[in-house]
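Please view the sequence and the structure together while reading.

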Amino acid sequence: METMEYENITEFILLGLFNNEDAKATCSVIFSLCYLAILSGNLAVLLTIRRSHLGEQPMYFFLSYLSFMDVCFTSTVAPKLIIDLLVQWKTISFSGCMSQMFYAHFFGTTEIFILVAMAYDRYVAICRPLHYMVIMSRRVCSILVMASVIGAFAHSLMQVLIIIQLPFCGPNQIDHYFCDVFPLLKLACMDTRLLKIIIVTTTGVLSILTFVALVISYIIILCTLRTRSSEGRRKALSTCGSHITIVFMFFLPLIFTYVPMADSVSDDKVFALFYTMIAPLFNPLIYTLRNTDMKNAMRKLWGPKKSFEKN
């Protein structure tokens, strides 16, 4: 009896966000403007923090890395999405697909861990204010960022190792606008049910637990604020409100993507658009419009310089 051997495919075709040919050129312009806004907004926040006294404060130290991760995370997906909306043949090599998946998971997971670090920073600042500068020293902040990077690297490497060993014998059409785990599992020439359970357990459950932990931590913080003065409560609520908004914008679509309720790829693409494009687009606005310190620092750094003539 002859055994059938399959030759692994060397490239994939990304089917994109939608199939409406008439709207692709318009959407390409819209996504290009969004991408430029993400780059300019997050880089403005990053440079403002690094070039002002705000960088000495733990909260803004983490925010600068969050902005940097937003730029990197979106840059792994947006350029390819924009180009593919304009071209007819949307191919990506096997190695390019694995690289895109690795970096998307790496930067996205680092962002998740930094959001956790920011929640811990707010918890210490509000619930243990007398020990804040000792607990959240620059050394501790740097360790938390480094731990976030190492944890994200381990997670991303595991995702790639799961996919790279699978046989892909065709078809090679990925029903998504970037390479991700679940769309690739659908193309594998083997039973991937066990692997789907592993992915849901590692990524989906991790997202849910992290989201629940963040929500609980902010509930504790909000309960603690009831004992504070009205001015201190107002400032803390403004800061925590920004954090909570970002947490919900980032985690809810992520949970719906990696804890699949049904076999619907089209919904996954919409959810993915939230955490790859929409959340990074609104992060700078949310963290600056409601933050007096950031607005003052940006006005001082980027505003018009006044020159005074000496008589």
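This is a predicted model: local features need pLDDT of at least 70, side-chain atom pairs count only at pLDDT 80 or more; totals for chains, interfaces and linings use all residues.

## Disulfide pairing

The structure holds two disulfides. A disulfide is a covalent bond between the sulfur atoms of two cysteines. When the bonded cysteines of the chain are numbered in sequence order, the pairing reads 1-3, 2-4.

## Cysteine 97 and cysteine 179

Cysteine 97 is joined to cysteine 179, with an S to S distance of 2.0 Å. This falls within the 2.5 Å cut-off for a disulfide. The torsion about the S-S bond is about -125°, so this disulfide is left-handed.

Cysteine 97 sits in helix H4 (residues 94-127), while cysteine 179 sits in the loop between strand E3 (173-174) and helix H7 (181-185). The bond therefore ties together parts that are 82 residues apart in sequence. Cysteine 97 has a relative accessible area of 0% and is buried. Cysteine 179 also counts as buried, at 0% relative accessibility.

## Cysteine 169 and cysteine 189

The other disulfide links cysteine 169 to cysteine 189, and their sulfur atoms are 1.8 Å apart. With -120° about the S-S bond, this link is left-handed.

Cysteine 169 lies in the loop between helix H6 (138-164) and E3, and cysteine 189 lies in the loop between H7 and helix H8 (193-224), so the pair ties together parts that are 20 residues apart in sequence. Cysteine 169 is partly exposed, its relative accessible area being 25%. For cysteine 189 the relative accessibility is 30%, and this residue too counts as partly exposed.

## Cysteines without a partner

Cysteine 27 is in no disulfide. The cysteine sulfur nearest to that of cysteine 27 belongs to cysteine 34 and is 10 Å away. Cysteine 27 is buried because its relative accessible area is 17%, and buried means under 20%.

Cysteine 72 is buried, with a relative accessible area of 15%.

## Leucine 289

Leucine 289 belongs to helix H10, which covers residues 265-289. Is leucine 289 buried or exposed? At 56% relative accessibility, leucine 289 counts as exposed, because exposed means over 50%.

Leucine 289 and serine 238 are separated by 51 residues in sequence. In space, their C-alpha atoms are 10 Å apart.

Technical notes:
Residues are numbered from 1 along each chain as its sequence is written. Side-chain values use heavy atoms; hydrogens and water are left out. Helices (H or I, at least four residues) and strands (E, at least two) are DSSP runs, numbered from the N terminus. Buried means under 20% relative accessible area, exposed over 50%, partly exposed in between (1.4 Å probe, protein chains only).
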